[in-house]
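Welcome! Take a look at the model first, then try each task before reading on.

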Amino acid sequence: MSFSQWERLKAISEGLSGLARVEDLGEVRRGNLVFPLRTLTLGSSDPKAPCFGMVGGVHGLEVIGTEVVLAFLEGLTARLKWDVTLAHQLERARWSFLPVMNPIGMALGRRS
């Protein structure tokens, strides 16, 4: 089983290959459904660097948070090709994203 936001997240992850660190923090299961908790991190790997984070998809029925995070990531993906100011900012800061915190809830269309 899948859902449209999950497919977009996978496409964004592929589009940022080599530019972002993609990490699965673990996985969530319910019956036969299994989804990783996927994060994307851009920028500095210095643990002292300031970090900006965005989380979406906490409640499966409330997809707007995931949509906002995915739209932001799609915009970043496009900007990284030409925006030297953004590239400079990412040298000194870290941006981390967890667009789908509750993939089981989103896949099933349930709050939790």
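**Exercise 1: An arginine and its surroundings**

Arg38 has a relative accessibility of 15%, so this residue counts as buried. Keep in mind that the model is predicted.

Task: find out which element holds Arg38, and which side chain joins the side chain of Arg38 in a polar contact of 2.8 Å.

Solution: 
- Step 1. Arg38 is part of strand β2, which covers residues 33-43.
- Step 2. Leaving aside residues up to four places away in sequence, Arg38 touches several others, including Trp6, Val22, Asp24 and Phe97.
- Step 3. The partner in the polar contact of 2.8 Å is the side chain of Asp24.
- Step 4. Val22 is 16 residues from Arg38 along the chain, and their C-alpha atoms are 7.0 Å apart.

**Exercise 2: A pair between two elements**

Task: work out which parts the pair of Phe72 and Trp95 ties together.

Solution: 
- Step 1. This aromatic pair is tilted, with 6.2 Å centre to centre and 40 degrees between the planes.
- Step 2. Phe72 sits in helix α2 (residues 64-79) and Trp95 in strand β4 (residues 94-98), so the pair ties together parts 23 residues apart in sequence.
- Step 3. Phe72 is partly exposed at 33% relative accessible area, while Trp95, at 15% relative accessibility, counts as buried.
- Step 4. Ring pairs link Phe72 and Trp95 with Phe52 and Phe97 into a cluster.

Conventions: Residues numbered from 1 in each chain as written. Predicted model: local features only at pLDDT ≥ 70, side-chain atom pairs only at ≥ 80, totals over all residues. Heavy atoms only, no water. Phe/Tyr/Trp six-rings, centres within 6.5 Å; stacked < 30°, edge-to-face > 60°. Helix = DSSP H or I, 4+ residues; strand = E, 2+ residues; numbered from the N terminus. Buried < 20%, exposed > 50% of the residue type's maximum accessible area, 1.4 Å probe, protein only. Contact = heavy atoms within 4.5 Å. Polar contact = N/O pair within 3.5 Å; in protein donor to acceptor, adjacent residues only side chain to side chain.
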